[in-house]
Structures are given as C-alpha cells and as structure tokens.
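Thanks for coming, everyone. Let me put the model up and then walk you through it.

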Amino acid sequence: MFTFFSGGSNRQNPMLITLLSLILGIFLIRYPGMSGSLFCFALAASALTYAAIRLVRYQRSKKQGLYSPFDQYVGIFLLVVGLIILFFPRLILSFLPFTLGTLLFFAGFSKLPFAIDAFQMRSPARIPFLLSTLIPIILGAIILINPFGVTRLVIRFFGLSLVVNAVLEITAAFFNQNNRF
C-alpha cells in the first residue's frame, strides 16, 4: 500500500514502512470509530493550522504595503473547510470509503509491474507479490461499488488490507533474503 505513496521501489527502509503499515492496519481494525474520528480531527487541525499561517502571512504582507489576496482567500477557504470538518465529521467520513476504495484500487495497480516482474523472473515470492497486488485491487473495487454507508466496515477493510499487505511483503522479503545466499 505504502509503495504507492512513497514513490515505488526507491524506499529508504521498506521493512520499517511495512511494520508501520502493519501497526496502522491493526489499529484500524481494532478501533474503526476512533480511527475515523482521529482522521477527521487531524484533517481539521491541519486545515486550521494552514489557514492560520495563510491569514497571518496575509496580515504581515498587508502591513508591509503588499497586497496578497491569494493568501487571504486560501486562508479563509481553509478556515471554513477546517471548521466544517471539525463540526461535521460524519460528512467527511461519508466520503472516506470512496477515497479509501480509490486509494486501495490504485495502490494495487501501482504494484502490478512488480508482480509481473516477479512472475517473469520466476521469483519464489511471486505468489505473495501477486496477492499483495490483487487484494488491494479487489478490496478497492468492492468498496467503490457501495462507498457510502459502510464507513466503519471500510476502515476495517482498509486496516485488514494493510495487515495482509504487510504480512505478504514481509513474506516476500523473507523469500528474497533466503534466495540471495
């Protein structure tokens, strides 16, 4: 999953990312309601912090005689977005399944070349590579079929896919490590 976010195979420490993925997946499975709330709180805090930065930048530039309406507009927009997320987290959580389904779907497709390479090279890790590619694609497609109304289930599915993906990556790394010697 994190291969999609970290730029492919150029990861600095793939085992650390895999272990973090495993821990996050377990947390999402165990506490789906709290995970959604924490997600919304973090998103709101980020938007409000960035809004404050933009509005302070606007005020400073205004005092210096520079007119920067872009900072003002972005600051106000992010302030409104942050407040909406803070006061209406269920609204944001209703879009979360669609977002997570899309991310899972594309994360699986981003790993497709690695799975194909593993089969072409007849790697002993080809089955774990294939599964770590197909499972996110399948789960993403299932979620995208009915994205609304399944928020907790989607968070658990997302967590489960992270756990399964991490276990498969650890298995693949184990097979590749044993193959090198």
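So, which residues does Phe105 touch, not counting residues up to four places away in sequence? The list is Pro136, Ile137, Gly140, Ala141 and Leu144, where a contact means heavy atoms within 4.5 Å. Phe105 itself sits in helix α5. By helices I mean DSSP runs of H or I with at least four residues, numbered from the N terminus, while strands would be E runs of at least two. Between Phe105 and Leu144, which are 39 residues apart along the chain, the C-alpha atoms are separated by 8.8 Å. Leu103 is in helix α5 too, and its C-alpha lies 7.3 Å from that of Gly140, 37 residues away along the chain.

Quick housekeeping. This is a predicted model, where local features need pLDDT of at least 70 and side-chain atom pairs count only at pLDDT 80 or more, though totals for chains, interfaces and linings use all residues. Residues are numbered from 1 along each chain as its sequence is written, and side-chain values use heavy atoms, with hydrogens and water left out.

How confident is the prediction? pLDDT is the predictor's confidence in each residue, from 0 to 100. The chain has a mean of 81, and 90% of its residues reach 70 or more. Confidence is highest in α4, at 90, and lowest in helix α1 (residues 2–6), at a mean of 41. For residues 1–11 the pLDDT is below 50, and that stretch has 27 contacts in the model beyond near neighbours in sequence. Where pLDDT is low, the predicted coordinates should not be read in detail.

Okay, charges. I count a salt bridge when a side-chain nitrogen of Lys or Arg is within 4 Å of a carboxyl oxygen of Asp or Glu. How many salt bridges does the structure hold? There are 3. Take Arg54 and Asp71, whose side chains meet at 2.4 Å, N to O. Arg54 lies in helix α3 (residues 32–63) and Asp71 in helix α4 (residues 69–87), so this pair ties together parts that are 17 residues apart in sequence.

Asp71 also forms a salt bridge with Arg57, with the closest N and O atoms 3.6 Å apart. That pair again links distant parts of the chain, with Asp71 in helix α4 and Arg57 in helix α3, 14 residues apart.

Are these residues buried or exposed? Buried is under 20% relative accessible area, exposed is over 50%, and partly exposed is in between, using a 1.4 Å probe and protein chains only. Arg54 and Asp71 are both buried, and for Asp71 the relative accessible area is 7%. Arg57 is partly exposed, at 40%.

Over to Lys111, which forms a salt bridge with Glu169, the closest N and O atoms being 3.3 Å apart. Lys111 is in the loop between α5 (89–110) and α6 (112–120), and Glu169 is in helix α8 (residues 151–180), so the pair ties together parts that are 58 residues apart in sequence. Lys111 is buried at 6% relative accessible area, and Glu169 is buried at 15%. As for shared partners, salt bridges join Arg54, Arg57 and Asp71 into one network.

Now the rings. Phe, Tyr and Trp rings (for Trp, the six-membered one) pair if their centres lie within 6.5 Å; planes under 30 degrees apart are stacked, over 60 edge-to-face, and the rest tilted. Searching the whole structure turns up 3 aromatic pairs. Phe27 and Tyr31 have ring centres 5.4 Å apart and planes at 50 degrees, so that pair is tilted. Phe27 is partly exposed at 30% relative accessibility, as is Tyr31 at 35%. Then there is the edge-to-face pair of Phe105 and Phe106, 6.0 Å centre to centre with 75 degrees between the planes. Phe105 is partly exposed at 24%, and Phe106 is partly exposed at 45%. Ring pairs link Phe105, Phe106 and Phe109 into a cluster.

Last stop, helix α4 again. Which helix gives the most to the nonpolar patch? It's α4, with 7 residues. One of its residues is Leu86, partly exposed at 36% relative accessibility.
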